[in-house]
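Hi,

Here is the structure I promised to pass on.

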Amino acid sequence: MNLSLQHISVCYDNADGTQLEAVRDVSLEVEGGQAVALIGPSGCGKSTLLRIACGLLTPTSGSVRIGGEELAGPRSATALILQDFGLLPWKTVYKNAELGLRIRGVSKDECKKRTMHALSQVGLADMANRYPKELSGGMQQRLALARALALDVDLLLMDEPLSALDALLRESLQETLLKLWHENRHAHVLVTHSIEEAVYLGQRIVVFSPRPASVAAVIDNPHMGEEGFRTSQAYFECCTEVREALNRVVATDARSEASQEGRLA
Amino acid sequence: MKNSRMILKRIGCYVFAIAFVLAGWHITAVLLKTPALPTPAETIPVFTQYAISMWPDFLISLERVVLALVIAAVLGVPCGLALGRSPRLDALFGPVLYIMYPLPKIVLLPILLVLLGLGGAPKIALIALTIFFQIVVVMRDAAKSLPEQTIESVRSLGGSRWDVWRHVIIPASTPDLFTTLRVSSGIAIAILFFAEAIVGSTGLGHFIMESWSMVNYPRMFAGIIAFALLGVILYAIFDIVERRLTRWKR
């Protein structure tokens with residue numbers, strides 16, 4: 001598995017006939033088993049990139065390849081986890097977790113085995129018969145994770161998966177994500193607003209410019225995943241590096257806005 | 001233990017509700033002092049007296065209204081959901097719906113009588129026609145207001161169009177269907193009464209109007225109670241089925 005985005009651009013047609021450029025010439029390589037974090041100002045088009053990588057959206061120009069093959073639509077070994085978890089309130093925890101397998105036509109026995117394994121991996125095995133609304137926010141997010149894990153994915157795409165949770169839960173779920181990444185050896189691509197989260201969960205951190213999204217900086221984070229990383233010097237240094245890169249991006253944006261306003265005046 | 005106490009509590013609520021209605025009725029009857037409105041005490045023995053002779057008419061009316069609702073739902077649910085999910089279909093048929101929905105279908109009764117005769121068919125058709133549009137309008141809105149994120153999540157799992165229907169659109173709109181059915185059951189029964197009172201020689205509507213023309217007010221009231229029971233039964237059936245199908249809502 002090797003995700004390769006080449007020169008991706010996305011334009012939306014606005015209702016008034018004008019065009020909105022969401023993504024401009026983004027290239028990104030994610031190798032099998034790699035952990036990549038995407039960070040940038042809100043509304044900059046990072047989520048659009050994830051949907052493209054998932055096959056839900058076709059870019060206006062550029063190519064998406066997975067394992068060397070052009071991506072034509074959602075593929076079975078990719079999972080996407082959304083900010084609001086995308087759970088179905090009318091299905092029990094178990095039925096939610098097994099949904100992906102059922103859609104793929106996996107046999108009932110196999111379904112059960114893999115679903116229960118995934119649920120126990122995220123600590124929800126004894127909640128199987130509850131409904132999502134009976135779960136706390138953190139548990140709902142774990143369930144969304146279990147649904148993805150049951151599929152035996154090699155690529156896990158996450159769109160701000162933890163942003164709806166409070167700080168303590170966030171950290172514990174970051175641990176879960178890291179643990180699962182270590183155990184399952186899938187590649188993950190995480191879109192986040194949090195510098196700490198990006199550094200904690202990304203071997204590589206890609207910093208995006210404001211809309212239209214383009215790659216402003218790529219920061220390597222070789223110590224990610226090491227024991228005690230969260231309190232290490234390397235972690236703080238990397239956070240600082242990402243913060244500076246983000247500040248530069250926002251500063252250039254402010255300058256270009258100011259110069260545009262100057263021209264208008 | 002907890003369950004049986006809840007059932008007792010619900011029965012208690014119904015007993016109170018019945019007592020409340022009967023008390024209101026009694027007070028009104030005493031105040032009005034007209035033979036057209038006998039007191040409950042006078043009516044209930046009459047009701048039991050006429051129950052057996054009313055039974056065939058009751059069954060006929062029940063059959064008509066249930067059949068009409070089933071036809072309306074079977075045709076209306078797919079139409080409404082399809083309109084709500086397809087902007088192209090909606091652009092084409094939305095205006096048709098806009099014109100047809102507020103039109104009082106009851107005025108079409110003479111036409112239906114000419115087309116379908118004087119039996120049960122025109123009555124069933126009239127009710128089905130009315131309820132069909134109610135269901136289409138509600139189901140269309142339900143399908144339109146679905147959370148796009150849940151659809152996206154099913155699609156991201158590799159779900160086909162049919163998977164989206166099966167796992168999202170249909171279960172998500174089920175509560176709305178039952179809300180319409182419960183609201184519609186009152187309208188359906190009202191239309192049934194009207195249609196049966198005007199033409200034909202069967203059904204509770206005819207029974208009531210026949211009693212009225214015979215100036216047999218207790219018999220008429222027995223019919224009215226039976227009609228009320230018909231409504232309560234329908235409502236209760238929808239309520240029970242809805243609880244079963246939408247357990248996740250509670």
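Let's begin with one residue pair: Val36(A) has Arg204(A) as its bridge partner in S9(A). Keep in mind as you read that this is a predicted model.

That pair belongs to a bigger picture. Strand S3 (residues 35-39) and strand S9 (residues 204-208) of chain A run parallel, with 4 bridges between them. Both sit in an open sheet of 6 strands with mixed pairing, and its order in chain A is S6-S7-S8-S3-S9-S10. At the edges you'll find strand S6 (78-81) and strand S10 (215-220) of chain A; each has a single partner strand, so one side of each has no neighbour in the sheet. On average, neighbouring strands here are turned by 15° against each other, ignoring direction.

Next, where the chains meet. Chain A puts 16 residues into the contact and chain B puts in 15. On chain A's side, helix H2 (residues 93-103) gives the most, with 3 residues. That side of chain A splits into 11 nonpolar, 3 polar and 2 charged residues.

Over in chain B, the domain assignment gives domain 1 (1-33) and domain 2 (43-249). Their C-alpha centres are 27 Å apart.

Chain B also has a helix pair to look at: helix H2 (residues 40-85) packs against helix H8 (residues 204-213) at an angle of about 135°, with the axes 8 Å apart. That angle makes H2(B) oblique to H8(B). Met54(B), Asp57(B), Phe58(B) and Ser61(B) of H2(B) make the contact with Leu204(B), His206(B) and Phe207(B) of H8(B). By type, the residues of this contact are 4 nonpolar, 2 polar and 1 charged.

Cheers

Terms used. Residues numbered from 1 in each chain as written. Chains lettered and ligands numbered in written order. Predicted model: local features only at pLDDT ≥ 70, side-chain atom pairs only at ≥ 80, totals over all residues. Contact = placed C-beta atoms within 7 Å. Helix = DSSP H or I, 4+ residues; strand = E, 2+ residues; numbered from the N terminus. Nonpolar A, V, L, I, M, F, W, Y, C, P; charged D, E, K, R; others polar. Domains from an automatic or database assignment. Axes fitted to C-alpha atoms, helices over the stretch in contact; angles between N-to-C directions. Parallel < 35°, antiparallel > 145°, perpendicular 65-115°, else oblique. Pairing = 2+ DSSP bridges.
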